[in-house]
Amino acid sequence: MATQLVAFAEPLPLEPNKQLITTPERFEKLIRFLESRPKIVIDYETSGLDYANGAHSIGMGLAAWTDSGQIWNAYVPYRHRTGERQLDFALVAPALKGLLENQAICKIAHNIKFEDHFSRREGWAILGPRYDTMIAARLYDENYSAKLENRAEWDLGIRDSRRWETRVHDRIVALARMNRLGIEAYKKIHGYEELGIELTAQYCGTDVEQTGLLYEFYERAGVSQLYARIWATEMALTSDLCDMEENGLPLDIPYLEDVKRQVVQAQEVAAYQINQVILGGHGINPGSDKEVFDLMWNRMGLRWTKKTKKGAMAVDEEVLSQFSATNAFCYYMLKWREANKIETTYTESLIAMCDPRGVLHPNFQSVGTVTGRLSCGQPNFQNMSADNDDRAIEFSGKKVEKGGVDPWSIRRAFPMRHPGWVRLFFDYSQVELRVLAEYSQDPIMIDSFLRREDLHQRTANEIGAVWGKECPRRVAKIANFGIAYCLSAAGLSRQAHIAESEAEFFMATFFARYSRVAAFREELWGEARRNHCQWTNIFGRTRRVPDLQSGDFRKAKSGERRLIGSAIQGTAAEFTKESIVRANRALKERRIPALLCNTVHDEIQIDTPREYMAEVITIVKPLMEYYPEIKSIPIIADVEWSDKTWADKQDYEEAV
DNA sequence: GCGACAAGCTTG
DNA sequence: GTACGAGCTTGTCGCT
């Protein structure tokens with residue numbers, strides 16, 4: 001089959017600067033050349049993206065600069081399934097291992113973490129200095145896609161940067177059709193392994209060449225020097241995230257299957273109430289917002305004002321809640337949505353992503369956000385639903401904090417890695433508010449953190465004293481988190497469920513007491529407007545918000561909110577990123593059996609045998625708290641641990 | 001049948 | 001118009 005496919009394939013003469021290596025002699029020459037270079041570009045082609053579920057490399061693109069400064073590139077095929085002549089993997093493996101583990105050679109790649117995963121699968125590492133052009137692209141301009149072909153077009157001006165990518169895609173579409181598979185299904189099974197070797201050489205050669213050119217471009221722009229500190233962190237982090245993803249988190253599949261049965265039943269009950277009892281058999285699809293709106297507005301005559309971003313009438317949780325006390329349809333819609341969310345997002349799809357041993361390996365992206373935070377997908381470990389108090393009370397009669405159990409808990413599906421091991425949770429304490437306090441130098445905030453008070457309660461007290469009546473801590477918490485990001489009185493009123501007049505008075509009092517917060521915002525925006533709409537945080541990460549100088553008032557205001565958000569969130573994110581690098585390095589140096597396995601914005605999770613728990617904390621907690629550039633207040637990492645599941649974490653002090 | 005988009009929900 | 005940053009899922013709509 002595979003051989004026949006090639007017979008039909010169009011012959012493709014290689015572009016002049018490209019080499020296809022299919023003989024041992026030429027491979028030998030290639031390796032000798034590359035071994036003599038100070039830096040090389042690498043790019044695997046693979047049989048799929050999922051390294052944990054059988055995907056492997058099928059060939060490697062390599063590029064380097066000649067003595068005269070020209071980029072020279074080659075493709076080395078070794079596991080294509082086309083029947084064409086290629087190199088024997090046993091022959092290339094030792095040479096590739098020697099090359100990639102050579103500490104004297106800098107490895108350049110566009111998303112080097114991907115290369116890291118597939119190298120490890122072959123039994124070697126990427127050692128020595130590394131340079132990721134995808135991260136450089138993000139630092140150069142965070143407002144634009146970091147995809148290789150996009151940057152080749154945008155930053156290098158290569159108009160036909162996608163010429164081979166398009167040809168590859170067309171070929172994959174044809175192969176998928178011949179195999180009677182959808183494109184995604186085909187790529188999951190075969191990746192590029194049935195792709196003709198010449199076409200792959202064209203495509204991969206272009207990729208490594210463009211990566212090399214992007215390296216030149218970003219270095220001429222001074223990226224690694226301009227952002228020296230975060231650059232060092234980001235490059236080290238590529239390898240640490242690779243560790244973290246490989247370690248992954250084991251999943252309790254039978255438990256999740258049980259949760260699925262329960263939520264499916266709950267949906268059936270809700271759908272029966274909606275369609276049979278309430279609508280008398282003339283039912284709707286509860287998943288269709290259009291039908292839900294039509295029913296509520298036209299058939300039930302309900303009226304509300306909230307709209308979606310595009311101007312349609314919203315039918316979200318907030319709107320349904322307005323009517324759910326008196327309208328049974330809205331009540332059961334909320335029930336249906338809750339159960340449906342858990343079923344579709346957190347049961348079967350998680351089980352389907354497991355490796356053969358039942359472990360989930362997510363994908364952390366260092367360039368996934370404009371602020372500098374990490375993003376995570378496949379699955380997203382950063383939005384696993386937390387235990388719900390109402391469900392816990394219904395089931396066990398107790399709140400979650402008091403030992404209650406949420407029967408639909410997703411975090412309970414994340415058990416320990418091995419018997420006798422525990423999971424440690426290092427969580428930065430109110431880190432964004434500490435960043436705000438440091439930047440704004442607000443005396444009350446600083447005083448509160450120096451006294452190790454509960455800042456939300458302090459705010460409640462400060463407001464209460466002026467207000468003449470007690471301010472709930474809950475409302476103060478919303479204000480503390482929201483006001484720096486320009487939460488309006490109307491927004492506070494809506495979120496905190498308080499009267500608008502109360503919210504207005506509250507905000508006025510807040511700004512009177514925390515006067516430096518508003519002043520800091522204005523200073524930040526002024527500084528940015530004087531500097532091409534850019535602002536650089538204490539670690540050197542820059543956020544560019546061109547909308548800041550928009551003539552459109554709304555756009556400019558939105559830009560202000562995004563900039564202040566990025567300033568605070570991005571600074572906080574840097575603590576977590578650098579701490580991941582520090583922690584992994586320290587634990588490896590001391591040869592402690594501890595595995596980094598997850599991070600959720602202001603939190604790092606580490607697995608270790610119970611007997612190492614105290615030692616790991618002694619090592620990790622101080623290095624997370626050591627950021628001397630924060631001069632006015634302490635940075636604190638709280639420690640929790642569990643020997644059961646993610647949902648069962650408890651304070652470390654109480655356990656001792 | 002596929003891709004893009006919108007809306008809604010989850011999280012820090 | 002009215003709080004920042006993400007990812008995943010379903011439904012809808014237009015296009016091939």
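Modeller: We begin with domains, whose bounds come from an automatic or database domain assignment. In this predicted model, chain A is divided into domain 1 (2–226), domain 2 (252–353) and domain 3 (432–569).

Colleague: How many Å separate the centres of domain 2 and domain 3?

Modeller: Taken over C-alpha atoms, the centres of domain 2 and domain 3 are separated by 35 Å.

Colleague: How does one describe two packed helices?

Modeller: Two packed helices are described by the angle between their axes and the distance between the axes. Consider helix α23 and helix α24 (residues 515–530), whose axes are 4 Å apart and which pack at an angle of about 85 degrees. Angles of 65 to 115 degrees count as roughly perpendicular, and α23 is therefore roughly perpendicular to α24.

Colleague: Which residues of α23 and α24 meet?

Modeller: From α23 come Phe511, Ala512 and Arg513, and they meet Ser515, Ala518 and Arg521 of α24. Sorted by class, the contact of α23 with α24 has 3 nonpolar, 1 polar and 2 charged residues.

Colleague: At what angle do the axes of α19 and α20 cross?

Modeller: The axes of helix α19 (residues 443–450) and helix α20 (residues 455–467) cross at roughly 135 degrees and come within 10 Å. These two helices are therefore oblique to each other. The crossing in which α19 passes α20 is right-handed.

Colleague: Which residues of α19 and α20 meet?

Modeller: On the α19 side they are Ile444, Met445, Asp447, Ser448 and Phe449, while α20 contributes Leu455, Arg458 and Glu462. By class, this contact of α19 with α20 has 4 nonpolar, 1 polar and 3 charged residues.

Colleague: How should I read the positions of residues along one helix?

Modeller: An α-helix has 3.6 residues a turn, so residues three or four places apart point the same way. With that in mind, let us turn to helix α22 (residues 489–496), where the buried residues are Ala489, Gly491, Leu492, Ser493 and Ala496.

Colleague: What covers the buried residues of α22?

Modeller: The cover includes α21 (473–483) and α23 (500–513). After α22 comes His497, which has a positive phi, near 55 degrees.

Colleague: How does one decide whether a single residue is buried? Is Val319, for example, buried or exposed?

Modeller: Buried means under 20% relative accessible area. Val319 has a relative accessible area of 0% and is therefore buried. Its place is in helix α14 (residues 317–323). Leaving out residues up to four places away in sequence, Val319 touches Met296, Trp304, Lys306 and Ala314. For a distance across the model, Val319 and Arg543 are 35 Å apart in space, C-alpha to C-alpha, and 224 residues apart in sequence.

Colleague: Where is Ser440, and which residues does Ser440 touch?

Modeller: Ser440 belongs to helix α18 (residues 431–440). Its relative accessible area is 0%, so Ser440 is buried. With residues up to four places away in sequence not counted, Ser440 touches Arg516, Val517 and Phe520.

Colleague: Is Glu574 buried or exposed?

Modeller: Glu574 is buried, because its relative accessible area is 1%. The residue is found in helix α25 (residues 553–589). Again not counting residues up to four places away in sequence, Glu574 touches Ile230, Phe539, Arg541 and Tyr627.

Colleague: We have considered helices. What may one look for in the backbone of a loop?

Modeller: One may look at omega and phi. In the loop between β10 (375–377) and α17 (389–396), where Pro379 is found, the peptide bond from Gln378 to Pro379 is cis, with omega near -5 degrees. Gln378 lies in the loop between β10 and α17. Phi of Gln378 is near 55 degrees, which is a positive value in a residue other than glycine.

Colleague: Why does Gln378 count as exposed?

Modeller: Exposed means over 50% relative accessible area. Gln378 counts as exposed because its relative accessibility is 56%.

Colleague: What is the phi of His601, and where does His601 lie?

Modeller: Phi of His601 is near 65 degrees, a positive value in a residue other than glycine. His601 lies in the loop between β14 (595–599) and β15 (603–609). Its relative accessibility is 26%, so His601 counts as partly exposed.

How values were computed:
Residues numbered from 1 in each chain as written. Chains lettered and ligands numbered in written order. Predicted model: local features only at pLDDT ≥ 70, side-chain atom pairs only at ≥ 80, totals over all residues. Heavy atoms only, no water. Axes fitted to C-alpha atoms, helices over the stretch in contact; angles between N-to-C directions. Parallel < 35°, antiparallel > 145°, perpendicular 65-115°, else oblique. Left-handed = near helix turned anticlockwise from the far one by under 90°. Contact = heavy atoms within 4.5 Å. Nonpolar A, V, L, I, M, F, W, Y, C, P; charged D, E, K, R; others polar. Buried < 20%, exposed > 50% of the residue type's maximum accessible area, 1.4 Å probe, protein only.
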